[in-house]
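Dear colleague,

Please find below the structure that I am handing over to you.

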Amino acid sequence: MFSQEPRRLFRKNPLMEVICQLRFPEILSIGSNLPVEFQESIRGEFPQYSARKESPAPTLSGTPGNFSIQNQPETINYQFVSADGIWRVNLTSKFISLSCTKYTDWEAFAQKLDLPLAAFIKIYKPAYFERVGLRYINAFSRNALNLSAVPFRNLFQPCYLGILGEEDVQETATNRCSLEMELTLRGGCRAKIHAGPGMVKRAGSEDKEVRFILDNDLFMGGNIPINLSTGAMQTLHQHADSIFLGAITQQMSEAMEPLEYI
């Protein structure tokens, strides 16, 4: 399940979105005042601004027979987007995140994160990070890789396939087959993994091709010192590489056209 092969890049990578999120003890000033100074610090790279109010899901409290539903206060999610729409920074009173829809490599992503993260730390001075997360959402298209006639069992390792790994199971006759996994990894990391066939939506309409979705959500929890957050993200990235390469077969790797080993 975990590959020990060297890291590699692919010309045809299947990533739909990559998200890095850092959670911190709530900072009330973010929700009560417009983040003017923060915007000015990053506006050159993220010029588009919007904000929306979000209502967290109600919580259930009490004892059996005497439960009560408690509504949670609204939060404001500030959004700063690059001119090309590929990169997005989100800021709330509890987290800051960076996401992109055209991922090339970790170095480019980490470099893009430097500016908003440094500005956030300088302006809001969080005590520590409660959670550092890195999520890779992959949607493998067999059509795009010239593999339309190849079954998923030839492209992914058995631990991600469930019954689709069986020779006598037809994909077209399987209405649903997905796996949900939670793992404890080295270095205090954890992973939540979703794997299985699925559809994707583009511009509000659903793509008709059945793709293989591999959603790797890796994170570290606890009181993570600010100066160790970069190391935490690097560790998560290394685990993500190992899991991704361990999920695909040689045939899939070749179809994605490896560029180089790093």
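This is a predicted model: local features need pLDDT of at least 70, side-chain atom pairs count only at pLDDT 80 or more; totals for chains, interfaces and linings use all residues.

Residues are numbered from 1 along each chain as its sequence is written, and side-chain values use heavy atoms, with hydrogens and water left out.

Helix pair. Helices (DSSP runs of H or I, at least four residues) and strands (E, at least two) are numbered from the N terminus. Helix α3 (residues 106-124) packs against helix α4 (residues 229-247) at an angle of about 155°, and their axes are 12 Å apart. The angle therefore makes α3 roughly antiparallel to α4, a label for angles over 145 degrees. Axes here are lines fitted to C-alpha atoms, for helices over the stretch in contact, and angles run from 0 to 180 degrees between N-to-C directions. The crossing of α3 past α4 is right-handed, meaning that the near helix is turned clockwise from the far one by less than a right angle. In contact (heavy atoms within 4.5 Å) are W106, L113 and L117 of α3 with M233, Q234 and H237 of α4. By class, this contact has four nonpolar, two polar and no charged residues; Leu, Met and Trp are among those counted as nonpolar, and Asp, Glu, Lys and Arg count as charged.

Residue T249. T249 is found in the loop between α4 and α5 (250-255). Leaving aside residues up to four places away in sequence, T249 touches N154, L155, F156 and Q157. The side chain of T249 also reaches the backbone oxygen of N154 at 2.8 Å. The C-alpha atoms of T249 and K53 are separated by 44 Å, the two residues being 196 residues apart along the chain.

Residue S253. S253 lies in helix α5 and is buried, with a relative accessible area of 3%. With residues up to four places away in sequence not counted, S253 touches R8, F10, I248 and P258.

Residue D215. D215 has its place in strand β14 (residues 211-224) and counts as buried at 12% relative accessibility.

Yours sincerely

Notes
Angles under 35 degrees count as roughly parallel, over 145 as roughly antiparallel, 65 to 115 as roughly perpendicular and the rest as oblique. A polar contact is a pair of N or O atoms within 3.5 Å; within protein, one must be able to donate a hydrogen and the other to accept it, and residues adjacent in sequence count only if both atoms are side-chain atoms. Buried means under 20% relative accessible area, exposed over 50%, partly exposed in between (1.4 Å probe, protein chains only).
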